[in-house]
There are 2 protein chains.
Amino acid sequence: MLKQQVADIRAFNRFYTRVIGLLNKYILNSSFTLPEVRVLYEIYYHESITAGEIVQALGIDKSYLSRMLATFEKKKLVAKKRSGEDARILFLLLTARGRKEFEMLDAAQYSQIENILKRLSSVDCEMLVTYMTEIKKILAKAAT
Amino acid sequence: MLKQQVADIRAFNRFYTRVIGLLNKYILNSSFTLPEVRVLYEIYYHESITAGEIVQALGIDKSYLSRMLATFEKKKLVAKKRSGEDARILFLLLTARGRKEFEMLDAAQYSQIENILKRLSSVDCEMLVTYMTEIKKILAKAAT
DNA sequence: GATTATTAGTTGACTTTATCAACTAATTTA
DNA sequence: TAAATTAGTTGATAAAGTCAACTAATAATC
């Protein structure tokens, strides 16, 4: 029955909002904020990304990002390289230090998930991953 | 392999963060903020809930909630009733107006999900709900 | 049964997150 | 070459969230 399905999905959304919230909480104990980590993530996995692309990808304000990048530059985590072809564009890249810092965060987030999985049987782990992957696939269909 | 499982779960988390973000975006066009809607939800579905229980359920700060409830009271959406047994405790309840406002929001969120399900086959709908329910069960085990 | 500890909630001060509009500098177009 | 676009910066400010100290009431214990 559709009505019950909608209710179940909303229940999952509330539940999972809380899960994500708890996982993110730990980031708040790091020296970075949540949007900062997301920005570092984008630069780490797409070196030579532009500020505009991050604005698109994360849906954040360009002025907000501009200031965030300025503090990253001050801390020598991110460097900017002006494009030769279009001098309006700045390519962003992590410095060695930026990569190192991000990798530490990334590793901590990894072990946070790992600690959850450790509490589960291997069958439950497999099922969890399978269900998540399937949900992604199904929702991707709805998005087209 | 555990490593891949962790990576898959993190990919799901990034994916689902966006899903929830898109669903929540509409709330931002309402006259309520996201945490406000969550608080109204809690009171609506558990009349005679206390502030402390909401803090527990949603993981929000008690001072933040305290101020939010004050604005709800000012707008005549929420009323407080001091417990006779323990005068430290305030029970929360929605006024008729609060219930009406929440029901409008709730109906809009319902049809938002409904619109997504309409784009899926009934098998996909059922699978989606099943997977979500199973994920909740599995993660609940890990939480104990 | 007075004193201490605990609990529920409030308040003040603050930080983080986010937005808007005006601006600079470079590039494209007409 | 002037006008329009584009990428990003800066100033001002609002909204969201947090922390710690506080009040008021109750419960615990000596």
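In this predicted model, strand β2 of chain A is joined to strand β3 (residues 90-94) of chain A by five bridges, and the two strands run antiparallel. One of the residue pairings between them is that of A:Lys81, whose bridge partner in β3(A) is A:Phe91. Both strands belong to an open sheet of three strands in chain A, with the order β1-β3-β2 and antiparallel pairing. Why do β1 and β2 of chain A each have one side without a neighbour in the sheet? The strands β1 (49-50) and β2 (78-82) stand at the edges and have a single partner strand each, so one side of each is left without a neighbour.

Two helices of chain A lie across this sheet. Helix α2(A) lies across β1, β2 and β3 of chain A, and runs at about 95° to β3(A). Helix α4(A) lies across β2 and β3 of chain A, at about 110° to β2(A).

Aromatic pairs are another feature of the model. Over all chains, the structure holds 21 of them. In one of these, the rings of A:Phe12 and A:Phe15 have centres 6.5 Å apart and planes at 40°, so the pair is tilted. Both residues lie in helix α1 (residues 2-27) of chain A, where A:Phe12 and A:Phe15 are three residues apart, about one turn of the helix.

The model also contains DNA. DNA strand C is surrounded by 21 residues, the closest being A:Thr33, A:Ser63, B:Ser63, B:Ser66 and B:Arg67. Of the atoms of DNA strand C that come within 4 Å of the protein, sugar and phosphate account for 56%. The largest share, four residues, comes from α4(B). By class, the surface near DNA strand C has eight charged, seven nonpolar and six polar residues.

DNA strand D is surrounded by 19 residues, and the closest are A:Ser66, A:Arg67, A:Lys80, B:Ser63 and B:Tyr64. Of the atoms of DNA strand D within 4 Å of the protein, 53% belong to sugar or phosphate, and the rest belong to bases.

| Protein residue and atom | DNA atom | Distance |
|---|---|---|
| B:Ser66, polar side-chain atom | phosphate oxygen of DNA strand C | 2.6 Å |
| B:Arg67, side-chain N or O atom | base oxygen of DNA strand C | 2.4 Å |
| B:Leu90, polar backbone atom | phosphate oxygen of DNA strand C | 3.3 Å |
| A:Ser66, side-chain N or O atom | phosphate oxygen of DNA strand D | 2.5 Å |
| A:Leu90, backbone N or O atom | phosphate oxygen of DNA strand D | 3.2 Å |
| B:Arg67, polar side-chain atom | base oxygen of DNA strand D | 3.2 Å |

Two or more residues of the surface near DNA strand D come from each of α3 (51-58) and α4 of chain A and α4 of chain B. Helix α4(A) gives the most to this surface, with four residues. By class, the surface near DNA strand D has eight charged, six nonpolar and five polar residues.

Key. Residues are numbered from 1 along each chain as its sequence is written. Chains are lettered from A and ligands numbered from 1 in the order in which they are written. This is a predicted model: local features need pLDDT of at least 70, side-chain atom pairs count only at pLDDT 80 or more; totals for chains, interfaces and linings use all residues. Side-chain values use heavy atoms; hydrogens and water are left out. A residue is near a molecule or strand if one of its heavy atoms lies within 4 Å of it. A polar contact is a pair of N or O atoms within 3.5 Å; within protein, one must be able to donate a hydrogen and the other to accept it, and residues adjacent in sequence count only if both atoms are side-chain atoms. Ala, Val, Leu, Ile, Met, Phe, Trp, Tyr, Cys and Pro count as nonpolar, Asp, Glu, Lys and Arg as charged, and the others, Gly among them, as polar. Two strands pair if DSSP finds at least two bridges between them. Contact means heavy atoms within 4.5 Å. Axes are lines fitted to C-alpha atoms, for helices over the stretch in contact, and angles run from 0 to 180 degrees between N-to-C directions. Rings of Phe, Tyr and Trp (its six-membered ring) pair if their centres lie within 6.5 Å; planes under 30 degrees apart count as stacked, over 60 as edge-to-face and the rest as tilted.
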